[in-house]
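Please open the structure in a viewer and keep the selection tool at hand.

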Amino acid sequence: MTLLDWASAAQGLGLWGLMALPLLVVAAAQWRSAWPLAQWAGALGLLLALALWLAALKAPLASGVLKLGFVQASLLVLVSFLGWLIYRYGASNFQGDPDGPRFLRGLAGVLLAVSSLLLADHLVLFWAAWVAVSISLHQLLLFYPDRPRARLAAHKKFLIARSAEGLLALAIGLLYSQSGSLSLSANMALLGAGELSWPQQLAAVCLALVALLKCAQLPLHGWLIQVVEAPTPVSALLHAGVINLGGVLLLLFAPLLSQAPLAQWLLLLVAAPSAVLAALIMTTRISQKVRLAWSTCAQMGLMLVECALGLYELALLHLIAHSCYKARAFLAAGSAVNEQHLQQLSAALGCPMLPQLRHWLGATALVLPLLAAAAVLMAQFWLQAPGSQVPWLLLGLAFITWAAQQLAQPAASGWARVALWVSAAASLLGLMAVYLGLKTALAEALPITHGPYSLAADLWVGSWLVVLAIVSYSLQRWPLQPQLRRAWIALNGGLYLDEWMSRLTLRLWPLSLGGQSPTPLLLTPKVQS
Amino acid sequence: MSPSLAHTPSELAPSPALQAACEACARIAPVWPLDKSVAVNPWWHWRERPMAEVAAQLGVLGSVRMLMPRDYYRALWPQVISPLALRLAAEECALPLSETALLAALDHKEHWPKWKNLCDWLDEQPEQANKMPWQAEITQQISQSCGLYFSYPEHQAGPLAAPGRFYNFWREMIGQDAGLAILMAAPKLQRFFRRLPHSPADVIDAVYHQLQALTGIDTGAFSAYCQALLLDINGWAAVFARAQEDHPGQAAAGEGLSLSCVGDLLAARLAWEWALLDVIAEDPLKHSLRTRFVDQFSRLPDWQASLQDTLKPLWVWQRALELSLQADFARQLTAPAPQQTPAAPTLQAVFCIDVRSEPMRRALESVAPQIQTLGFAGFFGLPMDYQPYASGPKRPQLPALLKPSLSARPLLAQGQERKRLAPLLSLHRQTHTGQQAAATFGWVEAKGIFDGLRLLAQSFGRGHLANPLSRCDGVTGWQLWRDGAPLSDAAIAELLATVLRHMGLTEGFAPRVLLVAHGSSTANNPLAASLDCGACGGQSGEVNVRVLAYYLNRPTVRTALAARGIRIPDTCRFIACLHNTTTDDLSWFGSEGDVEPEAWHSWLKLAAERARALRAGAFALSATSPLGQQRAFAARSRDWAQLRPERGLANNAAFIVAPRAATVHLNLAGRAFLHDYDWPRDKDFATLELIMTAPMVVTQWINLQYYASTTDNRHYGSGNKLLHNVVGGNLGVFEGNGGDLRIGLPLQSLHDGQQWRHQPVRLSVYLAAPRAAIADIVARHPMLADLINQDWLYVLQWDEASHTIARYYRGQWLPQPTLTAASSAPKEAPCMA
């Protein structure tokens, strides 16, 4: 055999090995040392994924029906990383718990399905993996099947997931009818520069719908909020991993989407308001995990908007960054009490929750020139065509909010105040350098060409963001103003959007939701069952 | 029937309905926020009635369980519960049943009469099967309103605990809620709620009058109905009960009697029932439902009597379990103690009375014969709060029932405060930015990648957020304040003299006196405070011992103390120590530069090793070497996914008030609180009175909290920690998405996955003091008499000289029966699931 043969054999082994590892864990779940095994398998999986990622940087790897491009490889590294840490977390969480093996099996099952999805190039396999992810996750979401609210949420999710799968199958069928090929990469390569045919347009719309359903966009978001009825690591897995699949789908089918304005506008029309409303609703939550769930809903909306705007590299960056953020936030949800302490301490020491107007103005004066300079530099040296300005707006809002708090700190002297400004500027510069660096690197690595720039789309998203900023500030600034208070209460009610879905679900698929189980809980302790 | 009032409420005198409602509200025991979480006896306000009677009443009204399931007792028979104990228990409970009959009673299918609220009746209707259940939705709606009310005080225009305020907020919310009518398929619901009266008292009166028109109920039955409704939202009711303590004046203001803020919650819940009466009135088919609902009122007394009868055999079993345990303790306490040669100690260590101190004290005493240990309430008698930062918040460091009169502030090195705070506040700004609606998108996008690194670090036990108020590093000294002025040395000496007298440490000071506080160390644990020192208001007692040691070492204070008759030798030094109950480390704070290695340093290390070795078995640690065990426990305390970092006070069963010399040879298996007390030195029994009215009540609260969380985790426990979801930062936790707020201990604190780790028994208090003194103190404190005579607690007199134990019950001294046939010593965990 030549060196090349060896290399391709190793690649194949690596690809199939990645799928074999979770399978091993599933098989060994009942074994006494299953948890240590799972942790080692997770670590090995991460190493393997990293190696494949390095290899895939040059050219996509392939072995039979499997294929690993840059997007898939990056996501595989992310999933392996999270999978490994969740194995570790679960090992402690379920110490001595008779439910441990069941959890381990479910977790490894989801990881297996997600890996298969990322590796699959054959569209039938892709679809099967897609269904498998949903079904295996369903088991975990119903980890405590006797909890009525868990059942209601799982039923809702089940209905939505089945619709999404139907639409995905339809999209695949439509693409096949046009290209005659069932290979994902071949299908995308076949899309020429010309106009899409109507079945292709329809397929893109179907894919957009699938993404909207999977990413729990309003008004079909209820299940995502209500599934915090499962153990914490399941929530982390869902909110940092599986929920992203809508975005993954759009990234994989990007060549199609970037030529389908109808699908793009569908995404923009649903996801932009969805993101903004969910972000506002997030700030009216009372419990830690539900707040995080609404945050996911909002962030997913933004990711879809970025895809629709053709900002695929940003969507990928967002996906990765958000996964890290959300996984940590969920796993550390028990630290809420200490976070509250910090907030009280901060307020007592003269750093108000809401800075004053002059701090906001100061922050704007600090951030705007920085962003403008960066935008000019980027346009000069890197971008050729005009692109969307939405990322700058997002960055600006975040930086100004942070800087306003930074500048609102009490300072003992004039020099201390100068030091505050300097340190704020330095931190922002550093943060921006990392962000722009990553974004540029991803854009270079992604094999996707951007669609034409649409000013209307930019204006649509931009105005939603402006509304967001104004409403968010007003709610904090005038909490007692009657109209705003009404808005605040309505936001807390989730704008009463989910109730229809609950009622419909119960009608379509009746389930007994007896609020109190007839036998008191302690007769069959939950921990034991 | 519309909510427009048929009856104008009587403005002059409190109506009977209002009185009945207030009575129900007054039964609710408070719960403290998570960061100040202390154990509470959930039945504290029921104490003037016999426990069995309360069990029957709450059992009917809310299916509350105050006894373990039958299988539990059967599994303990006949090893732990001996036949003799069972017979004695049956005699004592006046239930003339044979052993076989009692055993058979464990197999009976019990008939449990259940009161049903109107929503429960509606939910039983067949057509309700495809709809949201009313009960769940009502709980959810009220619970969410409560959470929103307490989580965002800036959206409320006044103090939260003011009566009437919550009710009106709730009314505003539900009047606006367009979703309820859709969800429940009851289109007229919203209109009903919009027309609700503005005063909670009016709602109570209106519902009462409507029920009276239907069935002619009396106020007693109405009060029971109110209790049943409050049991539906038990967790939040406790939060309101705590909140009203901040506004005691307002509850008593106005004419005679007015509602507290628990009444607001009750009014909201009653308004829901009223709405359902309305729903029923519209549907003629459901009129029979209403009849059946109101029929319950007349049956209530019979049901309670019948349930009390049903439960009688179980109470015999419970009492038999306690008798068996008491016999074990009695055997240990009355056995002749081995001859001791009292040597002058070179090291004295004062520990908290906490049950976790007992194994540690044994371990320390086993290291060297010249070590003496003492037990004293863990706040060390300092009624203070702690203000770690000059303008920052204050934190109470004393039992929750007391109000702090002093404030402790650290003297920090120049710039220390800033150095400590800067990274914390910077972290907070970042978190806060990520949570702002407008900033969250860009911030997560730009900053989220760094969270990946933090995720990795935290997975390996690094970078966990600790309680920022608990840091004591870099402190050069302390200052106590009272009413905004620093305390003089004379005043401090006065305070310390009292502390030392109650501690029983006024002479015979060893060269080194360790003041050992305790605290836990856990990561990512919202219920961390429940593992800390209950006597310090759910905090680590570190600050208290540091302050105490600081002042006791000050020459000026010592001079002032000498003037009050307490002479501390110059060679004596007080040293503040901390017992980490999670890792069993004993650390000391070498303030004022004494770093010379001394013999006791190695003693503490050795004691820690021995204590860990004893505990390693219970946690199935594989490490056997001292270093391995130390590392394993340390890793456990830093593991953010660890749901059972330590056992806390599980399996507590007894409180022994006696000189340590009398118990020093005993292995009490971490089941006893130990308080040092030497009655001949307590002239007017003032110390005994203090112990019986303060630490004894605290231990009783702890004991019944563990008891209640074990027998009825649904009402008095916080369920499965895997599902915990922190509400309002520190209000409490939900189990999962929502439902009622959960109070009490999680299952993971009581159960290890295989078996119960807490054996629910009522506390047995052993007092080594004269009978007359005990009886006199009980006679002067009705609260104590209630606890003892209504079966909430056992008080036993332990006569060390004559080796006898007698129980004080309903004014009589009953000799404690000895069970000769049973097992020997109380085991580590003689309980089975």
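The stops below lead through a predicted model.

**Stop 1: a helix and a surface patch in chain A**

Begin by selecting residues 390–407 of chain A, which make up helix H18. This helix has 18 residues and extends 26 Å from its first C-alpha to its last, close to the 26 Å expected at 1.5 Å a residue. H18(A) is mostly covered, with 17 of its 18 residues buried.

Next, select Trp415(A), Val418(A), Trp421(A) and Val422(A), which form a nonpolar surface patch of about 460 Å². Val422(A) belongs to helix H19 (residues 414–445) of chain A. Is Val422(A) buried or exposed? Its relative accessibility is 52%, and because exposed means over 50%, Val422(A) counts as exposed.

**Stop 2: salt bridges within helices of chain B**

A search of the whole structure finds 36 salt bridges over all chains. For one of them, select Arg87(B) and Glu91(B), whose closest N and O atoms are 3.7 Å apart. Both residues lie in helix H4 (residues 83–92) of chain B, four residues apart, and are therefore separated by about one helical turn. In general, an α-helix has 3.6 residues a turn, so residues three or four places apart point the same way. Glu91(B) counts as exposed at 52% relative accessibility, while Arg87(B) is partly exposed at 49%.

Now move to Arg269(B) and Glu273(B), whose side chains meet in a salt bridge of 3.3 Å, N to O. This pair is four residues apart in helix H15 (residues 261–282) of chain B, again about one helical turn. Arg269(B) and Glu273(B) are both buried.

**Stop 3: a salt bridge between distant parts of chain B**

Select Asp676(B) and Arg361(B), whose side chains form a salt bridge of 3.4 Å, N to O. The pair links distant parts of the chain, 315 residues apart. Asp676(B) lies in the loop between S12 and helix H25 (686–693) of chain B, and Arg361(B) lies in helix H17 (residues 357–367) of chain B. Asp676(B) is buried with a relative accessible area of 12%, and Arg361(B) is buried with 1%.

**Stop 4: a network across the two chains**

Which residues are linked with Arg147(A) in a network of salt bridges? Select Glu229(A), Glu735(B) and Arg742(B) together with Arg147(A) to display the network.

**Stop 5: two sheets in chain B**

Display the six strands of an open sheet in the order S12-S11-S17-S18-S19-S20 (chain B), where the pairing is mixed. Strands S12 (672–675) and S20 (812–815) of chain B stand at the edges; each has a single partner strand, so one side of each is left without a neighbour in the sheet. From one strand to the next, the twist averages 25°. Strand S11 (residues 654–657) of chain B pairs with S12(B) in the parallel sense over four bridges. To find one bridge, select Val657(B) and its partner in S12(B), His675(B).

Finally, turn to an open sheet of five strands in the order S2-S1-S8-S9-S10 (chain B), also with mixed pairing. At its edges stand strands S2 (371–376) and S10 (585–588) of chain B, each with a single partner strand. The twist averages 25° from one strand to the next. Strands S8 (residues 512–519) and S9 (residues 573–580) of chain B run parallel and are joined by eight bridges. Selecting Arg512(B) and Arg573(B) shows a pair of bridge partners, the latter in S9(B).

Notes. Residues are numbered from 1 along each chain as its sequence is written. Chains are lettered from A and ligands numbered from 1 in the order in which they are written. This is a predicted model: local features need pLDDT of at least 70, side-chain atom pairs count only at pLDDT 80 or more; totals for chains, interfaces and linings use all residues. Side-chain values use heavy atoms; hydrogens and water are left out. Patches are made of residues with over 30% relative accessible area and no salt bridge: like charges are joined within 9 Å, nonpolar side chains (Val, Leu, Ile, Met, Phe, Trp, Tyr) within 5 Å. Accessible areas come from the Shrake-Rupley method with a 1.4 Å probe; for residues, only the protein chains shown count as cover. A salt bridge is a side-chain nitrogen of Lys or Arg within 4 Å of a carboxyl oxygen of Asp or Glu. Buried means under 20% relative accessible area, exposed over 50%, partly exposed in between (1.4 Å probe, protein chains only). Two strands pair if DSSP finds at least two bridges between them. Axes are lines fitted to C-alpha atoms, for helices over the stretch in contact, and angles run from 0 to 180 degrees between N-to-C directions. The expected span of a helix is 1.5 Å times one less than its number of residues.
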